[in-house]
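Thanks for making the time, everyone; I would like to walk through one model this morning, taking the helix packing, then the sheets, then a few loop residues. Please have the viewer open while I talk.

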Amino acid sequence: CHIDETEKECDRQRTKALAEEHGAVLLRNFIPREVDQLALGALALRPMDFDLSKALDSICTGIKDASFDAIANIGSKEFISKSEKKRTSKCIEETKSQMMISAHDNVIVQTNFGPQMQSYSEQSNSASSENAQKKRKIDSFPLSRLRYINLGEWNYNWGDRRYDKVQNALVLPDRIVALAQRAHEIALRQTSEGAVSTVPSFDMAICNLYHLQRPSDRLGGHQDNVESNLSLPLVTISLGAPGIFLLGGSSRTDVPTAILLRAGDCMVMSGKSRGYFHGLPTILSQEFDDPRCAATDLVEESMTVFPELDDNGISHKIHDESDDVTDGMAYVPSLKELRFVKAFLTTVRMNMSIRQV
């Protein structure tokens with residue numbers, strides 16, 4: 001996966017053209033610290049309230065100690081063999097399949113679990129039929145089948161493409177809002193939209209999950225065009241496994257541009273590109289054991305999201321129960337959360353798409 005200087009320069013020229021001509025700005029390695037990437041993933045998974053101690057014990061029991069340290073210790077760059085990596089991935093998948101999400105938990109109001117969790121009317125005349133069994137709302141399903149999470153006060157209904165306001169839902173964490181606003185500010189300076197004065201009030205994020213072991217977890221070409229103000233940007237953060245992002249045009253017939261996105265990259269779609277078709281058809285294997293794959297180019301103003309955490313995931317501050325739950329230390333993930341997310345993201349790609357509804 002080594003990229004030489006010529007390839008890097010071609011990538012710079014292509015992304016510059018996308019920004020200037022279409023308003024699509026790629027901020028490579030915008031979130032350079034692994035601990036910040038993991039913390040964002042932890043915020044996305046936190047509403048499910050999993051027993052992470054049990055999950056980490058399950059992973060540790062199933063693999064060798066050295067392999068566990070390589071995939072779960074924050075900041076670890078230890079090498080593991082291909083065979084160990086395969087066994088580790090299998091163990092993590094088994095653990096994910098045992099971590100159940102309940103349809104009766106409060107999180108249901110903030111998380112769209114996909115068609116299998118929707119309510120269907122009972123068919124009394126064919127209740128025992130296989131078809132009716134498939135359509136009936138299920139009580140729970142495993143983390144290994146989770147495809148997307150809605151964060152914030154809105155729920156996006158994929159079936160009829162609309163947003164519903166969710167009462168008593170938690171607001172989008174201030175850290176995520178600040179991250180999106182910062183990316184938007186930097187992107188404006190690289191596009192013809194630089195004079196735009198409207199500051200987005202980001203209030204919702206859709207987190208798409210793509211499990212490496214299931215090739216069907218992909219996202220076809222689509223437009224995000226049901227928000228109330230389409231002049232405001234989409235800010236998407238890449239976490240976990242790399243993937244190929246396709247950015248098309250205003251018509252499905254337009255030839256798309258393929259862009260490799262790695263963990264820490266940020267794509268800001270504004271201007272003309274805000275209404276373009278886009279998708280993610282290809283997810284690549286997680287190459288956490290190859291240091292050549294790490295991004296080395298920092299954008300001019302990269303982002304530190306959780307300054308309270310050092311590079312090993314240790315907090316500089318002591319959490320106080322009186323901390324405001326809308327931000328502050330209450331939103332800083334624990335070391336246990338970070339360790340689980342690091343293992344989890346070796347088997348998953350997560351896109352966090354932030355917008356104003």
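Are α3 and α5 roughly parallel or roughly antiparallel to each other? Before I answer, a word on what we are looking at: this is a predicted model, in which local features need pLDDT of at least 70 and side-chain atom pairs count only at pLDDT 80 or more, while totals for chains, interfaces and linings use all residues. Residues are numbered from 1 along each chain as its sequence is written, and side-chain values use heavy atoms, with hydrogens and water left out.

Now the answer. Helix α3 (residues 52-62) and helix α5 (residues 82-98) pack at an angle of about 150 degrees, with their axes 9 Å apart, and α3 and α5 are therefore roughly antiparallel to each other. For that term, angles under 35 degrees count as roughly parallel, over 145 as roughly antiparallel, 65 to 115 as roughly perpendicular and the rest as oblique. The axes are lines fitted to C-alpha atoms, for helices over the stretch in contact, and the angles run from 0 to 180 degrees between N-to-C directions. Helices (H or I, at least four residues) and strands (E, at least two) are DSSP runs, numbered from the N terminus. On the α3 side the contact (heavy atoms within 4.5 Å) is made by A55, S58, I59 and G62, and on the α5 side by R87, C91, I92, T95 and Q98.

The other pair I want to show is α2 (34-45) with helix α8 (residues 335-344), whose axes come within 9 Å and cross at roughly 95 degrees. That makes α2 roughly perpendicular to α8. Here E34, V35, L38, A39, G41, A42 and L45 of α2 meet E337, L338, F340, V341, K342 and F344 of α8.

Turning to the sheets, six strands form an open sheet with antiparallel pairing, in the order β1-β12-β9-β14-β7-β4; strands count as paired if DSSP finds at least two bridges between them. Because β1 and β4 stand at the edges, each with a single partner strand, one side of each is left without a neighbour in the sheet. From one strand to the next, the twist averages 15 degrees.

Two bridges join β8 to strand β13 (residues 278-283), and H222 has H278 as its bridge partner in β13.

Finally, the loops. N29, between β1 (24-27) and α2, has a positive phi of about 55 degrees although it is not a glycine. At 6% relative accessibility N29 counts as buried, where buried means under 20% relative accessible area, exposed over 50% and partly exposed in between, with a 1.4 Å probe and protein chains only. N168, in the loop between β6 (162-165) and α7 (174-188), has a positive phi near 65 degrees, but at 79% relative accessibility N168 counts as exposed.
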